[in-house]
Amino acid sequence: MNIWNYKFEDPQFLWLLIIVPIIVFWYIYKENIRYPEQKIPSLQAFENQKKSLKEIVRHSLIVFRILAIALLIIALARPQSALDKEKITTKGIDIVLAMDISTSMLARDFKPDRLEAAKEVATEFIEGRPNDRIGLVVFAGESFTQCPITSDKKVLINLISKIKTGIIEDGTAIGLGLATSIDRLKDSGGKSKVVIILTDGENNRGFIDPITAAEIAKEFNIRIYTIGVGTRGEAPYPFKTPFGIQIQNVKVDIDEELLQEIASITGTKYFRATDNQKLKDIYAEIDKMEKSKIEVTSFRRHIDKFFPFALIALILITIEILLRNLIFKNYP
């Protein structure tokens with residue numbers, strides 16, 4: 001146990017350690033009085049005499065007592081693990097995932113459908129970025145914040161799992177989705193800010209033009225990656241009928257020109273995901289591109305370490321008491 005690796009919460013108690021040399025000098029003084037020096041002509045008569053156990057450990061009592069007192073004083077000073085402060089260069093960024101939850105996201109050209117595939121890949125993306133703060137915005141005909149920007153990944157992933165279609169008015173308001181995302185990021189304080197917007201349709205709702213939203217994002221130094229989700233041509237879609245769910249092919253309409261322009265305005269890229277693996281690859285590519293070095297200061301927690309000192313002192317006191325009453329006990 002190296003006490004130099006600790007700091008002390010109440011270091012003033014360490015002044016009490018001056019008691020230790022005083023006790024040592026007092027003990028030596030008493031020993032000299034109790035056993036005064038005697039001169040004898042020869043020690044030959046004592047050469048073969050064996051020392052008793054009592055003689056061997058005679059000075060152990062004072063040793064145990066001094067150590068116990070010293071350790072108790074150290075415990076009173078409340079030793080703590082030393083505070084380590086170091087600068088660590090890590091990678092982190094503020095991100096908002098803007099996810100389309102219109103009913104068209106139920107199309108089954110992805111497994112099991114577009115929405116569930118998007119949720120699964122978004123969850124993997126979040127788990128792979130432990131140093132980032134990430135938020136979640138969902139949109140259809142309207143938009144709202146499902147989760148503000150947070151570093152609590154468990155909460156965020158739990159909220160993603162609860163996303164479903166039909167919880168807001170149907171439609172595709174890309175401009176509103178972007179506006180809500182920008183509002184969450186513009187005052188986040190992060191040096192690097194990103195929106196990843198995923199949609200499978202054309203902007204047909206909302207009072208905010210997507211291009212205007214992209215221009216606003218540019219003013220706030222927010223980059224927008226756009227992802228179009230859906231196969232090219234037609235996709236199987238489940239329709240409710242009196243006879244149950246019927247699967248019919250419907251045309252896939254994604255305004256790729258709009259999504260490309262949004263990405264271009266903020267200096268990023270547009271991606272088209274046509275299946276689950278392609279969607280994973282897109283998120284992996286964004287993950288590689290969006291790495292910014294930030295410098296953070298790391299502190300190590302203060303943890304009280306007085307208990308080992310107090311425990312050892314108690315053991316030493318107990319040993320002293322036992323020796324005093326079993327070996328060194330004075331009988332009348």
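**Thr 274 and its surroundings**

Me: Which residues does Thr 274 touch, not counting residues up to four places away in sequence?
Reply: Bear in mind that this is a predicted model, and that contact means heavy atoms within 4.5 Å. Leaving out residues up to four places away in sequence, Thr 274 touches Asp 109, Phe 110, Gly 230, Thr 231 and Arg 232.

Me: How is Thr 274 counted, buried or partly exposed?
Reply: First, the ground rules: residues are numbered from 1 along each chain as its sequence is written, and side-chain values use heavy atoms, with hydrogens and water left out. Local features need pLDDT of at least 70, side-chain atom pairs count only at pLDDT 80 or more, and totals for chains, interfaces and linings use all residues. Buried means under 20% relative accessible area, exposed over 50% and partly exposed in between (1.4 Å probe, protein chains only). Thr 274 has 26% relative accessibility, so the label is partly exposed.

Me: Where does Thr 274 lie?
Reply: Helices (H or I, at least four residues) and strands (E, at least two) are DSSP runs numbered from the N terminus. Thr 274 sits between two of these, in the loop between β11 (270-273) and α9.

Me: Which residues is Ala 117 in contact with, leaving aside its neighbours within four places in sequence?
Reply: Ala 117 belongs to helix α4. With a relative accessible area of 1%, Ala 117 is buried. Its contacts, apart from neighbours within four places in sequence, are Phe 110, Lys 111, Asn 276 and Leu 279.

Me: At what angle do α4 and helix α9 pack?
Reply: Axes are lines fitted to C-alpha atoms (for helices, over the stretch in contact), with angles running from 0 to 180 degrees between N-to-C directions. The axes of α4 and α9 (residues 276-289) are 10 Å apart, and the packing angle is about 30°. That makes the two helices, α4 and α9, roughly parallel, given that under 35 degrees counts as roughly parallel, over 145 as roughly antiparallel, 65 to 115 as roughly perpendicular and the rest as oblique.

Me: Which residues in α9 meet α4?
Reply: On the α4 side you'll find Ala 117, Ala 118, Glu 120, Val 121, Ala 122, Glu 124 and Phe 125. The residues of this α4 and α9 contact divide into seven nonpolar, one polar and four charged, where Ala, Val, Leu, Ile, Met, Phe, Trp, Tyr, Cys and Pro count as nonpolar, Asp, Glu, Lys and Arg as charged, and the others, Gly among them, as polar. From α9 come Asn 276, Leu 279, Lys 280, Tyr 283 and Asp 287.

Me: Which residues of α5 make the contact with α4?
Reply: The axes of α4 (residues 114-127) and α5 (residues 153-161) come within 10 Å and cross at roughly 175°, which means α4 is roughly antiparallel to α5. On its side, α4 brings Lys 119, Ala 122, Thr 123, Ile 126 and Glu 127. By class, the α4 contact with α5 has five nonpolar, two polar and three charged residues. The α5 residues are Lys 153, Leu 156, Ile 157, Ile 160 and Ser 161.

**Another helix pair**

Me: At roughly what angle do the axes of α7 and α8 cross?
Reply: The axes of α7 (residues 210-219) and α8 (residues 256-265) come within 9 Å, with a crossing angle of roughly 15°. That makes α7 roughly parallel to α8. Across the contact, Pro 210, Ile 211, Ala 214, Glu 215 and Lys 218 in α7 meet Leu 258, Glu 261, Ile 262 and Ile 265 in α8. The angle, then, is roughly 15°.

Me: What is omega near for the peptide bond from Lys 111 to Pro 112?
Reply: Most peptide bonds are trans. Pro 112 is found in the loop between β4 (94-100) and α4. The bond from Lys 111 to Pro 112 is cis, with omega near -5°.

Me: What is phi of Asn 221 near?
Reply: Asn 221 sits in the loop between α7 and β8 (222-229), and is exposed, with a relative accessible area of 60%. Its phi is positive in a residue other than glycine, near 55°.

**The whole chain**

Me: What percentage of the 332 residues of the protein chain count as buried?
Reply: The protein chain has ten helices and twelve strands. Of its 332 residues, the share that counts as buried is 40%.
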